[in-house]
Number of protein chains: 4
Amino acid sequence: MSRVKKIVRRMKVKNELARQIMGEILGTFVLLLFGCAAAAQVKTSRETKGQFLSVNMAFSVGVMSAMYLCRAVSGAHLNPAVSLSFCVLGDLAWIKLLPYSLAQILGAYLASGLVYLIYYDAIMEYSGGILTVFGPNETASIFATYPTDVVSVQTNFLDQVVGTAMLMLCILPLNDKRNAPAPEALLPPIVATVVLGISMSMSANCGAAINPARDLGPRLFTFTAGWGPEVFTCYDYFFWIPLVAPMVGGVVGSIIYVVFIQWHLPEPEDESEEIKEQTKVIEHNNKKDELYLKMSSL
Amino acid sequence: MSRVKKIVRRMKVKNELARQIMGEILGTFVLLLFGCAAAAQVKTSRETKGQFLSVNMAFSVGVMSAMYLCRAVSGAHLNPAVSLSFCVLGDLAWIKLLPYSLAQILGAYLASGLVYLIYYDAIMEYSGGILTVFGPNETASIFATYPTDVVSVQTNFLDQVVGTAMLMLCILPLNDKRNAPAPEALLPPIVATVVLGISMSMSANCGAAINPARDLGPRLFTFTAGWGPEVFTCYDYFFWIPLVAPMVGGVVGSIIYVVFIQWHLPEPEDESEEIKEQTKVIEHNNKKDELYLKMSSL
Amino acid sequence: MSRVKKIVRRMKVKNELARQIMGEILGTFVLLLFGCAAAAQVKTSRETKGQFLSVNMAFSVGVMSAMYLCRAVSGAHLNPAVSLSFCVLGDLAWIKLLPYSLAQILGAYLASGLVYLIYYDAIMEYSGGILTVFGPNETASIFATYPTDVVSVQTNFLDQVVGTAMLMLCILPLNDKRNAPAPEALLPPIVATVVLGISMSMSANCGAAINPARDLGPRLFTFTAGWGPEVFTCYDYFFWIPLVAPMVGGVVGSIIYVVFIQWHLPEPEDESEEIKEQTKVIEHNNKKDELYLKMSSL
Amino acid sequence: MSRVKKIVRRMKVKNELARQIMGEILGTFVLLLFGCAAAAQVKTSRETKGQFLSVNMAFSVGVMSAMYLCRAVSGAHLNPAVSLSFCVLGDLAWIKLLPYSLAQILGAYLASGLVYLIYYDAIMEYSGGILTVFGPNETASIFATYPTDVVSVQTNFLDQVVGTAMLMLCILPLNDKRNAPAPEALLPPIVATVVLGISMSMSANCGAAINPARDLGPRLFTFTAGWGPEVFTCYDYFFWIPLVAPMVGGVVGSIIYVVFIQWHLPEPEDESEEIKEQTKVIEHNNKKDELYLKMSSL
């Protein structure tokens, strides 16, 4: 028993950043496994085993599960745009932005690989063995996001900025003690509901990635797994939009929240007052104790 | 650091009403952005990327998100009918009714504009470039509500009165300490569920606006953005119904709640008794302390 | 101000049963308004504004809203089968069973009437003005439940017994302090979820009334509103099944819960022990106080 | 009254394991009754009274209800793969694994029988009286899970391993005090949401049993009820996969959680420190009391 404990203690990763990276890899892995597997299920079953809404819901369950899994370890950003926003807000050290982002991309890449393995037979059956980005039997959209034909690049960019801004604007108050926050232990399902809302309302143009890692990880996987360079070149090099626009949108949404809401909320003085009162009580008790001591020395 | 803090303190809006107006603008903006964007997604994708239910759900997520965002600032009415009801109930000063309502309409107007920008390409493609209120390619219903052909004006009026009465009847108990209320920190998702229920059951006739701002803001936007005066004149000047009927319905629902439920609930005496008991304890402790003092003076 | 308070105090219904009846009427009214209105919306829109699932969901939201509305007043049974079960379990006086049931039926009747008014135009359009129980344009099933053709009377009876037994078996543990209960303030949404589950899995045969009031109230309404005696005579006098079977099922489910689960749970001694300990503390403090008094009298 | 209490006390099952078995039987019964009844409703109504998603949702409600029902009695494993995982983690005695598993299979068998009774008429109508595993009118898939034609045995095995691993990986943090857990009293709906996510994303290949009891119980029932040995021999003896793969997957998922997350979380020292502090307070109080006694003996 104590031997096992010793081994565990030795295995324990002492470096905080290493632990956080591990958490983000696993969390983003869970998020993407739910989401991409649902996309594969709906597409390869030709919507007989789910529909557009169930992909949205699966991504939402993925957000919830991933947050419960790793938020005590790494904060469960699961998204470079969220990490960047927390850097800007001063809640994450800038030095950690790149490791966090790479970890998230890696987790998304690994999950895509596993989804490909699980749905290998179904994808081959559906696509006739031809892995392609275009046409009625395309399967690339199981993994990364792609735009619809009619939408311009400016609109897609704006779409991703707005979607990610909404994400930050709606999740920042959930955990803001100065606002009227959600219960700490129920943040994951509530954040997941916000993500569900965004994917039900802002995914028609280009798939509501609102997360560079959620898009780049799977895109890299499809690039390496047989879909080829088309995943990057298609739709006039669309791939850069879900990389850049969410970073902009996350910061914009955070700033809107801080400037229009947070600045004007009452300062959290209540807490400090509480502490003061408690201090008084303690002092009072100490005084009592002194009296006892005096009396016992009579 | 302290300089930033100073700037923030100077930027802080000290006027309470100004803060509240800002909160209502942003809250209603979020509500409508989710809702109208989902309506645009479902319509322009011809129900391939969502369905009637997903518009209802997106409005519901919008209610939840908007409430978490601004209820600490402005109470998150998001709806002139709710504000009017709170005036009648004595929870909002009558002087604030107009500013609140205008703020809500402005927030709804701004959100409609942003939805139009995001879905500009899709709306143009869907409508063939002709922005109209009628026909199979109409797109006005993405924004404001319109009735179905067969329904009479009286029925639509009743429909909106009943819908908004249900809203107030079902959300007032959620926060009533004398009743068996929901957890304070979970009011937003529960209110959102009530709104979902109303839009699933009372939106067939004329779209379940149950909110003058949710309807007038987007209608004004479509009026200015190219749909023209038809948005007001169509269906025999239908537009006044979602403006007037919800105001009536909100008050009716509130009165039903107060008269049939709240009046008959036990008075919240427990709290005052608790306070009395605490006072006793304090008095008791003071007595003890006096004893100590006496003793120490022996 | 004090005059208003006086009037309110005079209006206050002092008789507990009268208050409870009022609560059950209003609660069942809300439940049925959501549910039947959703059924009307889905049917008259020919499933373009909702689907089978959205009727289930609307009934579920109705359960939640009705429970928050009246559970502090009447316990929010909303269902004679639930009231009977609580009589058997000793949580409701037998004398109250009939008044509760009649109140629930009345609430359901009134809600049906209002749904008829709201959807009058749509029902007339859908049915071509002929209110009937049979055929492709039947509209009776908006209100009461009707069986499918192929199912025998025994199967329907069993179906309703099992459905209502599941209801009681699944909601009794939610509030059982000896078990691992749900949070008191979140009972309404969780009970609503159980009801959603039953209507998604046991409504194919005969509509999952699992509630005599939910069925008889609307059936009586359609009888009086123009559908005629067919609503009672059709399907070989089917109407008695959702009246009798749920009463049997509710009791069966309650007994299964008590016998197989509750009896074997640890006695709630912890609480009494806590009380004992508190008593000790108080006694201890009293002893201390006596000491003080003695000492002060030195 | 006291006589009833005596009888109850005599009826009380004193043996802990017997109680736990009873809990697991009833819990798994409830889980399968919701799930299989929903499958029967959707299939026999030819998707007019529900769809693929509503079967997923009904299983999810079943998980929630079963957990509230029996988790105070037996821990609500409801799944031999979960029980095995808890054995590996040291939270269940190995000796209990077989009784738990048999109880779960029995509960699933009984539920299948009841679903068959309720939907007997509908199944006969749908299948034309021929109970078969293949063809457009097959009804075996109402009960047990079957693979799709195109998927290989290795893929199905991997699918079930991954699905069950995801289950354990996502539910273990929910109750881990060292992590950021969900509220104890809300574990059932959150676990149910995870199960919903898995069945929306990983049920296309072979039905997402992720639970040997959920699959074997109904399969045994169909074997005995008229579908014959084909339920075991079909698809090249597929039946062993949902028996073996989830056991592997549950352990794999648990180990991943422990190794990559739990080991690296801070030790739960806070609690022990709290206890220490409380001890101090008690000691301090004792000291005080000694002083009193001394003083009173003056």
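This is a predicted model: local features need pLDDT of at least 70, side-chain atom pairs count only at pLDDT 80 or more; totals for chains, interfaces and linings use all residues.
Residues are numbered from 1 along each chain as its sequence is written, chains are lettered from A and ligands numbered from 1 in the order in which they are written, and side-chain values use heavy atoms, with hydrogens and water left out.

So much for conventions. What does the rule find in the way of polar contacts across the interface of chain B and chain C? It finds 13 residue pairs, both residues at pLDDT 80 or more. A polar contact is a pair of N or O atoms within 3.5 Å; within protein, one must be able to donate a hydrogen and the other to accept it, and residues adjacent in sequence count only if both atoms are side-chain atoms.

By class, the side of chain B that touches chain C has 33 nonpolar, 13 polar and three charged residues. Ala, Val, Leu, Ile, Met, Phe, Trp, Tyr, Cys and Pro count as nonpolar, Asp, Glu, Lys and Arg as charged, and the others, Gly among them, as polar. Helix 8 of chain B gives the largest share of that side, nine residues. Helices are DSSP runs of H or I with at least four residues, strands are runs of E with at least two, and both are numbered from the N terminus.

Now the area. Chain B and chain C bury about 4300 Å² between them, and 73% of that is on carbon and sulfur atoms. Buried area is the accessible area (1.4 Å probe) that two parts lose on being put together, summed over both. On the chain B side, B:Met200, B:Trp263 and B:His264 supply 16% of the area buried against chain C, more than any other three residues. The contact takes 49 residues from chain B and 43 residues from chain C, where contact means heavy atoms within 4.5 Å.

Next, chain A. It has twelve helices and zero strands. Of its 298 residues, 59% count as buried; buried means under 20% relative accessible area, exposed over 50%, and partly exposed in between (1.4 Å probe, protein chains only).

Is A:Lys96 buried or exposed? A:Lys96 counts as buried because its relative accessibility is 15%. A:Lys96 lies in the loop between helix 4 (80-89) and helix 5 (97-118) of chain A. Its side chain makes a polar contact with the side chain of A:Gln20, at 2.9 Å. Not counting residues up to four places away in sequence, A:Lys96 touches A:Glu16, A:Leu17 and A:Gln20.

In chain D, D:Leu92 sits in the loop between helix 4 (80-89) and helix 5 (97-118). D:Leu92 has a relative accessible area of 9%, so it is buried. Among the residues that D:Leu92 touches are D:His77, D:Phe86 and D:Tyr100.

Last, C:Gln160, which lies in helix 7 (residues 153-171) of chain C. C:Gln160 counts as buried because its relative accessibility is 0%. Leaving aside neighbours within four places in sequence, its contacts include C:Cys206, C:Ile210 and C:Pro246.
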